[in-house]
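Let's read a structure together, one feature after another. Have the sequence and the 3D view open as we go.

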Amino acid sequence: MSIFSRLSDIINANINSLLEKAEEPEKIIRLMIQEMEDTLVEIRSAAAKCIADRKEVARHVEYLEREQKEWTRRAELAVRSDREDLARAALAEKQAISDKIEQLKHESESLDGQLAKFNDDITKLQSKLGDAKKRQRSIAIRHKTATSQLAARKHIHNDRIDEMLFRFENAERKIDRVESEGEAMDIGRRDSLADEIEGLEDDDR
């Protein structure tokens, strides 16, 4: 399983868990960012080990190449000394070392491939991480705005508020009736002499 596949499984599992608990979207994006950062650390650690292994292989190859030259020198010495048996043995050692060098070179190529894959994974993950961080603030703002709008709409459509407004309207209608009754009582009624004089006094003042 690739690191990205594992990361996807972890993120999906955690997101599903959070959605089941009705957690806030900000928590989901924070979790995704944390998972990406943790995975990035893991990939970098694996890449560092791969680099160390490749250097170790390179040092071993250098050592074996020196040994290979030494066994070549020994074989030549044995030939000059008419010791064909020693020359054959020295050449056999040289061949064994050559086989080991070839094996280590294949191993080094494999490590190079792994390192290239790690580099590609790191680049992709850093891009996704940067995008997630840019969107994190936008998601938080959108969620707060949506929450506020939902709360406002709940208040607007609240039955208790409608009931209070209905009571206000009833109170206004009752006051209208009382005022109307008072005005109706004054209809056709003539002012007394005292009332008319009091009106003149009010006008004079």
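Q: Is I141 buried, exposed or partly exposed?

A: Burial is judged by relative accessible area: under 20% is buried, over 50% is exposed and partly exposed lies in between, with a 1.4 Å probe and protein chains only. I141 has a relative accessible area of 42%, so it is partly exposed. I141 is found in helix α3, and its C-alpha is 9.4 Å from that of E26, although 115 residues separate I141 and E26 in sequence.

Q: Before we go on, what kind of model is this, and how are its residues numbered?

A: This is a predicted model, in which local features need pLDDT of at least 70 and side-chain atom pairs count only at pLDDT 80 or more, while totals for chains, interfaces and linings use all residues. Residues are numbered from 1 along each chain as its sequence is written, and side-chain values use heavy atoms, with hydrogens and water left out.

Q: Where is the confidence of the protein chain lowest, and where is it highest?

A: pLDDT is the predictor's confidence in each residue, from 0 to 100. Where pLDDT is low, the predicted coordinates should not be read in detail. Here the mean pLDDT of the protein chain is 77, and 63% of its residues reach 70 or more. Confidence is lowest in helix α1 (residues 3-20), with a mean of 54, and highest in α2, with a mean of 89.

Q: How many helices and strands does the protein chain have?

A: Both elements are DSSP runs numbered from the N terminus: helices are H or I of at least four residues, strands are E of at least two. The protein chain has five helices and zero strands, giving the order α-α-α-α-α from the N terminus on.

Q: What do the totals say about burial, contacts and surface in the protein chain?

A: Of its 205 residues, 18% count as buried. A contact means heavy atoms within 4.5 Å. Among contacts with a separation of 6 or more, 76% involve residues 24 or more positions apart. For surface, accessible areas come from the Shrake-Rupley method with a 1.4 Å probe, and for residues only the protein chains shown count as cover. The protein chain exposes about 15,900 Å², with carbon and sulfur atoms supplying 52% of it.

Q: Which residues does S108 touch, leaving aside those up to four places away in sequence?

A: S108 touches R54 and V57 on that count. S108 sits in helix α3 (residues 84-156) and is buried, because its relative accessible area is 18%.

Q: And what is K105 in contact with, beyond its neighbours within four places in sequence?

A: K105 is in contact with V61 and E65. K105 is also found in helix α3, and at 40% relative accessibility it counts as partly exposed. K105 and R54 are 51 residues apart in sequence, with their C-alpha atoms 9.8 Å apart in space.

Q: How many salt bridges does a search of the whole structure find?

A: A salt bridge is a side-chain nitrogen of Lys or Arg within 4 Å of a carboxyl oxygen of Asp or Glu. The search finds ten. One of them joins D120 and K124, whose closest N and O atoms are 3.3 Å apart. D120 and K124 are four residues apart in helix α3, so about one helical turn separates them. D120 is partly exposed at 33% relative accessibility, and K124 is partly exposed at 44%.

Q: Which residues do salt bridges with shared partners join into one network?

A: E70, R73 and R74 are joined into one network. Within it, the side chains of R74 and E70 meet at 3.4 Å, N to O. R74 and E70 both lie in helix α2 (residues 25-80), four residues apart, about one turn of the helix.

Q: What lies over the face of W71?

A: A charge sits over a ring if NZ of Lys or CZ of Arg is within 6 Å of the ring centre and within 35 degrees of the ring normal. R74 lies over the face of W71, at 4.4 Å from the ring centre.

Q: What is the phi of D82?

A: Most residues other than glycine have a negative phi. The phi of D82 is near 60°, a positive value in a residue other than glycine. D82 is in the loop between α2 and α3 and is exposed, with a relative accessible area of 71%.
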